Amino acid sequence: MSSPTPRRIVGALFVDFGDRDRPPRARYECIPCNYRSDIVTGPAAVAAFTATASDIHRTVCPSRQENHQ
């Protein structure tokens, strides 16, 4: 059995699904460049945001562009 490949965390997506008194909300953080997105609220906005946040930030992240990741 081989050892697991080490992985490096580069981003975090935070999602609060809300409840009947509070709508869902989400935000994204990039650890290498310390980027923190605005908080997105509402079911449709959160769904769209979570589907694309990491990919969109990857195209503009200075730390990822320098390393060609």
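**Briefing: strand pairing and overall form of a predicted model**

Ala26 stands opposite Val40 in S4. This is a predicted model, in which local features need pLDDT of at least 70, side-chain atom pairs count only at pLDDT 80 or more, and totals for chains, interfaces and linings use all residues. Residues are numbered from 1 along each chain as its sequence is written, and side-chain values use heavy atoms, with hydrogens and water left out.

**Architecture and overall form**

- The protein has 2 helices and 4 strands, where helices (H or I, at least four residues) and strands (E, at least two) are DSSP runs numbered from the N terminus.
- From the N terminus on, the order of the elements is β-β-β-β-α-α.
- The radius of gyration is 15 Å, well over the 11 Å that the globule rule gives for 69 residues, so the protein is more spread out than a compact globule. The radius is taken over C-alpha atoms, and the rule is 2.2 Å times the number of residues to the power 0.38.
- Along the principal axes, the C-alpha atoms fill a box of roughly 45 × 35 × 15 Å.

**Strand pairing** (two strands pair if DSSP finds at least two bridges between them)

- Strand S1 (residues 11-16) pairs with strand S2 (residues 25-30) in the antiparallel sense over 6 bridges; Phe14 has Arg27 as its bridge partner in S2.
- S2 is also joined by 2 bridges to strand S4 (residues 40-41), again running antiparallel.
- Another 2 bridges join S2 to strand S3 (residues 35-36), and these strands run antiparallel; here Glu29 stands opposite Arg36.
- The hairpin of S2 and S3 has 4 residues between the strands, and within this hairpin Asn34 takes a positive phi near 65 degrees.

**Arg27**

- Arg27 lies in strand S2 and is buried, with a relative accessible area of 17%. Buried means under 20% relative accessible area, exposed over 50%, and partly exposed in between (1.4 Å probe, protein chains only).
- Not counting residues up to four places away in sequence, Arg27 touches Ala12, Leu13, Phe14, Arg36, Ser37, Asp38, Ile39 and Phe49, a contact being heavy atoms within 4.5 Å.

**Burial, contacts and surface**

- Buried residues make up 23% of the 69 residues.
- Of the contacts with a separation of 6 or more, 24% are between residues 24 or more positions apart.
- The protein exposes about 5,400 Å², of which carbon and sulfur atoms supply 55%; accessible areas come from the Shrake-Rupley method with a 1.4 Å probe, and for residues only the protein chains shown count as cover.
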